[in-house]
Amino acid sequence: MTTPEIPQRSWSQRWHVKGVGWTALLVALLVGSSKMTGVDVGMFFSNFDQFTNLLVRMSQPAWSYVPIIIQPLYETIQMAILGTTIGTVFAVPFAVLAASNLVHNQWLRGIIRLILDLVRTLPDLLLAAIFVAIFGIGSTAGVITLAIFSFGMISKLFYEVIETIDMGPLEAMESVGASKVTIIWYAVLPQIMNQFVSYFLYTLEINVRASTVLGYLGAGGIGVFLQRSLSEFDYNKTAVIILATLVVVMVIDGVSNHLRRVLL
Amino acid sequence: MDQQPIISFKNVNKIYNNGTVGLKDINFDIPRGEFLVVVGLSGAGKSTLLRTINRMHEISSGEITIENEPISDYKGQSLRLLRRKIGMIFQDFNLIKRSTVQRNVLSGRVSYYPTWKSVLNLFSAADKDRAIRALERVNLTEKLYTRADELSGGQQQRVAIARTLMQDPKVILADEPVASLDPLTTQTVMDILKRLNQEDGITVIVNLHSVALARQYADRIVGLRAGAVVYDKEIADVTEADLTKIYQTA
Ligand SMILES: Nc1ncnc2c1ncn2[C@@H]1O[C@H](COP(=O)(O)OP(=O)(O)OP(=O)(O)O)[C@@H](O)[C@H]1O
Ligand SMILES: [Mg+2]
């Protein structure tokens, strides 16, 4: 040991064994699972003309349909906003309790996370079916379904954001003699606010799209009209509905981008 | 000293959960109004010692008394009231970066309000005025409405001191308050701490890495090594040779 030696990379480091291994494993999983579930990728390409055929039939949107769908579209947006907001209100306290840097009690955190996992496991179509059965056809069932779906999604997104914050300001607020709620309000909230807003809007966007599907089950909004146009093979109306939904999603996206820039 | 010590350590030990010895049989008193500097190698236990005083760390055995009251039983509101009279300054300032200087300074006052008032920002006019005067003490009034992350490191540390002043503290704990500052800013921040000590009679306990700074500002220097007090002298008795010995390894 007279001359300083440059450390040698090990054999596995040099040939990137880890990276190659993971890639191979992923490819194997992908191929294996498509084999097992019987997905035929070839069929997608051989039947592609079906798809183009559909596009052609949708290519002349029935613009006269626009005034008719304004009202249900409006209802869809209302449902999405209401559902997302209700879900978020409940998600915030759960997200705080699930964050490992704020709650040191492993039991409490474990139970909260179990509840959240459970909620996220419930398929939203199942929820919609149940609530349509309880509340009857209409937007109430839709709003509750979206609220539960948003709750599950937002609470997870939120607690993951909370776990990345800088703990320094919390330490300072604790040393000042602040109560727990005050600490969260002063030291946590400002650090997560803009990510919260952007996740809220992202969920809202998903909910606008989801509510079109929920309409199928009679949960109100534009989905009812989408289902009707499809079952009547009236694809020019379908095109209008899709375009209108696209506009709404784009508007939300624009608002989201703007708010993120302002809040940063 | 004819008066009672403000802080007193009696046989204090601290062992971390993973078995690391944080503090070993600490015994000493801190008289009211003293400017105490704690020195020692990295890992000697300086931060641990400081944080046991405001119960940010719990001790394993022994007793710490503040104004003759044992502090280990405090819980909830009484613990918050203890912390209210002990200000703390950090190496990384720990300001709320996205908030204004005003909000940061006012946040030092929240323990005087019920939670709902702090949350709704219902600070009295007197306390808003107090915030301005706290900023005057650190020469930063003109930054009242600036966002904290737009300030230099030295300015942020001065805001942190102003926040501490809002507590109306009897003791200020400073954990390497100048470690991330340049030499000139270092002097400014240390001068402010010294002034609070002399003009307001606040007891100041500072962890420092710089021996030169320790000698310049301290009334008394305590040296730690492996969690134990290995040195404790009034500044008049401190010699250069002593200090180099504290910083010798093994
Ligand atoms: N949370 C913790 N869990 C376990 N051990 C810890 C913890 N915090 C500190 N220690 C250990 O306790 C000892 C004292 O640490 P402390 O942070 O008090 O040292 P320090 O003198 O402040 O060092 P520095 O000058 O680097 O800040 C070290 O050996 C450290 O590794
Ligand atoms: Mg330290």
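Me: What should I know about the numbering and the model before I start?

Reply: Residues are numbered from 1 along each chain as its sequence is written, while chains are lettered from A and ligands numbered from 1 in the order in which they are written. The model is predicted, so that local features need pLDDT of at least 70 and side-chain atom pairs count only at pLDDT 80 or more, whereas totals for chains, interfaces and linings use all residues, and side-chain values use heavy atoms, with hydrogens and water left out.

Me: Which residues of chain A does the UniProt annotation cover?

Reply: UniProt annotations may be inferred rather than shown by experiment, and their positions are given here in the numbering used for this model. The unreviewed entry records "domain: ABC transmembrane type-1" for residues 73-256 of chain A. That span is 84% helix and 0% strand, and its end C-alpha atoms lie 20 Å apart; helices (H or I, at least four residues) and strands (E, at least two) are DSSP runs, numbered from the N terminus.

Me: Which residues come nearest to ligand 1?

Reply: A residue is near a molecule if one of its heavy atoms lies within 4 Å of it. Of the 13 residues around ligand 1, the nearest are B:Ser42, B:Gly43, B:Lys46, B:Ser47 and B:Thr48. A polar contact with the ligand is a pair of N or O atoms within 3.5 Å. An oxygen atom of ligand 1 is 2.7 Å from a side-chain N or O atom of B:Ser47, and a backbone N or O atom of B:Gly45 lies 2.9 Å from an oxygen atom of the ligand.

Me: How is a pocket read, and what lines the largest pocket?

Reply: On a 1 Å grid over the protein atoms alone, a pocket is an open set of points where a 1.4 Å probe fits, with protein on both sides within 12 Å along at least five of seven lines, and lining residues have an atom within 4 Å of a point. The largest pocket is lined by 20 residues, and A:Leu102, A:His104, A:Glu174, A:Lys180 and A:Ile183 lie nearest its centre. At least two lining residues each come from α5 (66-98), α9 (168-176) and α10 (180-214) of chain A and from α2 (76-84) of chain B.

Me: Which helix gives the largest share of the lining of the second largest pocket?

Reply: Helix α5 (residues 125-137) of chain B gives the largest share, four residues. Among the lining residues are B:Arg130, B:Asp168 and B:Ile202.

Definitions and conventions
A polar contact is a pair of N or O atoms within 3.5 Å; within protein, one must be able to donate a hydrogen and the other to accept it, and residues adjacent in sequence count only if both atoms are side-chain atoms.
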